[in-house]
Amino acid sequence: MNKHMKSVISLTAICAAVSLLLAVTNYVTAPIIEKQQSAAANEALYQVMPDGEDFQAVDLTKYELPDSITEAYSEKNGGYVFKITTTGYSSGFIIMCGVDASGTVTGATYIASSETLGEEATYGEKLKGATLDTVESVETVSGATKTTSAYRNAVKDSLGAAVILGGGSVDLRSDEEILNDNLSAALPSAEGKFTSVFITEELTDINSVYKAENGAGYVFVSGESFIATDNEGNVTSETKLKDTVETNAKKLIASTLTEIDISGYADMPSQVQKAYKTASGNYVFDLRAAGYGINGDKYTASGEYIYIKVSATADGKIIACETVSQKESDGIGSACADSSFYTQFNGKTADTYKDIDAISGATVTTNGYTTAISKVFEAINILKGGA
Amino acid sequence: MNKNSNMSIFLKGLLLENPVFVLILGTCPTLATSTTVIGALGMGLAATAVLICSNAVISLLRKVIPDSVRIPCYIVIIAGFVTIVQMIIHAYLPELYDLLGVYLALITVNCIILGRAEMFAGKNSVGKSALDGAGMGLGFTLALLCMATVREVLGAGSFAGIEIPFLSRFKIEYLTKAPGGFMVYGILIAVVYKLTHGKAPKKKEFSCAGCPSAGFCNAACENTPVKEEN
C-alpha cells in the first residue's frame, strides 16, 4: 500500500475517532455546562425561583401586561419571573418576583431602589407563598407603608401577569377603576364622571351615593348593588331595592343646608369652622383638626390642619364623616384620608366615638382627628341650647 | 531495582525523573498555576488524567501510526483528551475551571505530555506507558503542590484557601508573582538536585534527540545561549 495513503488514512481515522469521543463527551456535558452558565447569568432569577430551570426571556410586546413589568422570563415548569419597576410615590424601585405554575409567589426581592431601605428590604420574604387572592392581605410594614404597598402592588402585578402569560385573563383594575366601572354600568349616561355625595340625612341600607357630574342623575350603592336614579330620586331600573332606594334618594335630594352663624356662640370650639342645619334638623360641620406639628387644639405652633366634614343628627349621632383635605406625613398620618379610617366614625355617638382603630404610627394625627370629632357633640349641644 | 520493572517506571517520575524539577518540562503551566494549592492540585490531576490516557492510547496505536505523521497523530489524541477533561471539569467543577482558565486548554501543548508520548509511549507497551503516564503525572502534581504550598503559604498567608492566623499578617506577595515563582522554582530544583545527587539521569539519557522539538530546539540553541523549554 502506498505509504502516503497509509499516513492519510491513519491520521483521518484517528481524527474521526477523537471527534466521535469529543461528540459523546459534549453530548453529556453540554446541558450541564449550559445550566451552570445560565445559573450564573440569571442569579437573580434563581434567587426568587430556586427550583427554576431553563429560563427564557419572554417577548413582552406580544402581551397586554401591566406597564410596571419591564422584563419577564418563562421557566420550564410553567413558572415566570418578572422584573418590575415601580412608578408613583416609590418609583424606581426594581423588584424581581417569581411566580410558579400554580400562581404562587416563590420569592420576591428588590434589586435596586433610590430609597434607603430598612425593614422593608426583607418584605419580599413576607410575600412568599402569596397568591392573587391572598396578596392583598399581606400586611404592609408600618412606617414604610407606601414603599411596601408599592412592593406588594408590584408582586400583585406579577401574579396577574403570570395568569395573562399563561393564557388567562385577570382583573388588574384598581379599586377606583372597579368603582367607576360599576357606577358607569348603573348610569351609562353619566359618561363615567361621578362625584361622591356627602350624606347629610340618615339613610337606611345605603353605603354611599354618587352624583353624575353632568347632572344625569344619582347612583346609590347598597351592599354590592349599584342603583341609578334620576334627579328626582326615581329609580330607573327594576330592582327589589327600588322602594328603599327611592325613599332614601328623595330624602337626600330634598335635603338642603342652611348655614348657621356661629360667631355669636362664644363657647363654640375652635375646631368648628362652619355649621349648617338641614331642613330635617340634622347638623353638618366643617371641622379643622390639629394635624401633626400642631400642639393639641391650640393652633399656635406651625403645622398643617386636617379639614373634615361631618354630618350628625340633632340627638348627637354621626351620619357621615369625610376627610376633605390633609397634609399629614405621607405614608403615615396621611392614612386619615383613607375611607377605611374616617368611615369608622359613621354611626358613632359622644359615648362611642373613641372606639376606633387608630392610625398605626400616627398617634398625634389620630388624636387631633378624634378631638375634632368630639367637638361635634359639644357644638350640637351649644347650638341646641342657644337656639 | 530493575530499571524496567513496573514499580520503577512509576516511581521514577515522582523524583528521579521528575518532569518539572529534573527534566525541566512544563515550566509555563508550573509557574502559572502554582500560586494556589487548589489550582495546582486541579492542574496536576487534570494533566495526569490526560497523560495516562494519551500515553495508553498512543502506545496502543504505536504500530498503526505511520512514523511520518506520528506528531500530528499524537497531538490530535492529546488535544482530544484535553478537551474531554476540559469539558468534564467545566461541567462538574466549574470553580476549578474558572481558576485554571486558559491553562487547562494549554495542557495540549504541555511538553511533558508530548514529551512522554514521544520518549516513552511510542516505544513501550500499553501497561508500561499508562504507568509512566501516572508516574509522570503524579510527579508533575507533586512538584506543583510543593511550589504552590511554598508560594501560597508564604505569599498569601493561606493554605488551600484557608487563612493561616500568623502568616496572613506577614505576606510575601512577591512570591505569588512571576519573579517569585521563578525564584521558588530555582530553589526547589536545587533542593531536588541535592536530594538525587548522583542518581538523577545524566543529561545524555534523555538527550534532545528523543524530543519532538529537537530539530527546532537545537537550531534555536545555536543562536541563543540559554533556551528555556515551554
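Reader: Of the 387 residues of chain A, what percentage count as buried?

Author: A residue is called buried if 20 or more other C-beta atoms lie within 10 Å of its own, exposed if 12 or fewer, and partly exposed in between, with the C-beta atoms placed from the backbone. By that criterion 34% of the 387 residues of chain A are buried, and for the 230 residues of chain B the share is 42%. This is a predicted model, in which local features need pLDDT of at least 70 and side-chain atom pairs count only at pLDDT 80 or more, whereas totals for chains, interfaces and linings use all residues. Residues are numbered from 1 along each chain as its sequence is written, and chains are lettered from A and ligands numbered from 1 in the order in which they are written.

Reader: Which helices and strands does each chain have, counted by number?

Author: Helices (H or I, at least four residues) and strands (E, at least two) are DSSP runs, numbered from the N terminus. Chain A has eight helices and 14 strands, while chain B has ten helices and two strands, and the pattern of chain B along the sequence reads α-α-α-α-α-α-α-α-β-β-α-α.

Reader: What share of the contacts in each chain comes from residues 24 or more positions apart?

Author: Two residues are in contact if their C-beta atoms, placed from the backbone, lie within 7 Å. Among contacts with a separation of 6 or more, residues 24 or more positions apart account for 76% in chain B and for 48% in chain A.

Reader: How many residues of chain B are in contact with chain A?

Author: The size of an interface is often given as the accessible area lost when the parts come together. Here the description is by contacts: 17 residues of chain B touch 15 residues of chain A. Helix H4 (residues 70–92) of chain B gives the most to that side of chain B, with eleven residues. Sorted by class, the side of chain B that touches chain A has 13 nonpolar, four polar and no charged residues, where Ala, Val, Leu, Ile, Met, Phe, Trp, Tyr, Cys and Pro count as nonpolar, Asp, Glu, Lys and Arg as charged, and the others, Gly among them, as polar.

Reader: How do I read the packing of H3(B) and H4(B), and at what angle do their axes cross?

Author: Two packed helices are described by the angle between their axes and the distance between the axes. Axes are lines fitted to C-alpha atoms, for helices over the stretch in contact, and angles run from 0 to 180 degrees between N-to-C directions. The axes of H3(B) and H4(B) come within 9 Å and cross at roughly 145°. The contact includes Ala46(B), Ala49(B) and Val57(B) of H3(B), and Tyr74(B), Ile77(B) and Phe81(B) are among the residues of H4(B) that take part. By class, this contact has 13 nonpolar, one polar and no charged residues.

Reader: Is Val57(B) buried or exposed?

Author: Val57(B), which lies in helix H3 of chain B, is buried, with 25 other C-beta atoms within 10 Å. The C-alpha atoms of Val57(B) and Tyr74(B), 17 residues apart along the chain, are separated by 9.3 Å.

Reader: What span should helix H8 of chain B have?

Author: The expected span of a helix is 1.5 Å times one less than its number of residues. The 31 residues of H8(B) (residues 126–156) should therefore span 45 Å, and the end C-alpha atoms are 42 Å apart, which agrees. Just after H8(B), Gly157(B) takes a positive phi of about 65°.

Reader: In what order do the four strands of the open sheet that begins with E6 stand in chain A?

Author: Strands of a sheet pair through backbone hydrogen bonds, either parallel or antiparallel. Two strands pair if DSSP finds at least two bridges between them. The order is E6-E7-E8-E9 in chain A, with antiparallel pairing. Strand E6 (194–197) and strand E9 (225–229) of chain A stand at the edges, each with a single partner strand, so one side of each is left without a neighbour in the sheet. The twist averages 30° from one strand to the next. Strand E8 (residues 218–222) of chain A pairs with E9(A) over five bridges, and the bridge partner of Val221(A) in E9(A) is Phe226(A).
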